[in-house]
Amino acid sequence: MMIKYFQLDRKNIVAVQFIIEGYEGLATVTTMDAAGAVIQISIIPDFLREMNCLLDELSKKYHMKEIVDDRIR
């Protein structure tokens, strides 16, 4: 699994999760910190390119920022 972390507005967590998990079998979304609005996206490696394209679009619409920080894990 490829793991990515994003921070976004709390009110958008459910929408982003719904959209990503709608692409069944490509990735799962876990809320790591509800108060801080941090989500973990676990991506099946075979679909990394497709998910990166989707995440780019979602980042624009929902103002998601990728977090690259070992302290989250």
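Two strands are said to pair if DSSP finds at least two bridges between them. In this predicted model, strand S1 pairs with S3 and with S4. Helix H2, which covers residues 48-62, has buried residues that are covered in part by strand S1.

**Strand pairing**
- S1 (2-7) and S3 run in the antiparallel sense and are joined over 6 bridges.
- Within this pairing, Lys 4 has Ile 41 of S3 as its bridge partner.
- S1 also pairs with S4, which consists of residues 65-67, in the antiparallel sense over 3 bridges.
- Here Tyr 5 stands opposite Ile 67 of S4.

**Length of helix H2**
- Helix H2 has 15 residues, and at 1.5 Å a residue it should span 21 Å.

- Met 51, Leu 54, Leu 55, Leu 58, Ser 59 and Tyr 62 are the buried residues of H2.
- When H2 is viewed down its axis, these buried residues fall within an arc of 145 degrees, so they line one face of the helix.
- The exposed residues Arg 49 and Lys 60 lie on the face of H2 that is turned away from the buried side.

**Surroundings of helix H2**
- The elements that cover the buried residues of H2 include strands S1 (2-7), S2 (27-33) and S3 (38-43), together with helix H1 (13-22).
- His 63 follows H2 and has a positive phi, near 55 degrees.

Technical notes
Residues are numbered from 1 along each chain as its sequence is written. This is a predicted model: local features need pLDDT of at least 70, side-chain atom pairs count only at pLDDT 80 or more; totals for chains, interfaces and linings use all residues. Side-chain values use heavy atoms; hydrogens and water are left out. Helices (H or I, at least four residues) and strands (E, at least two) are DSSP runs, numbered from the N terminus. The expected span of a helix is 1.5 Å times one less than its number of residues. Buried means under 20% relative accessible area, exposed over 50%, partly exposed in between (1.4 Å probe, protein chains only). The arc is that of the directions from the helix axis to the C-beta atoms. Contact means heavy atoms within 4.5 Å.
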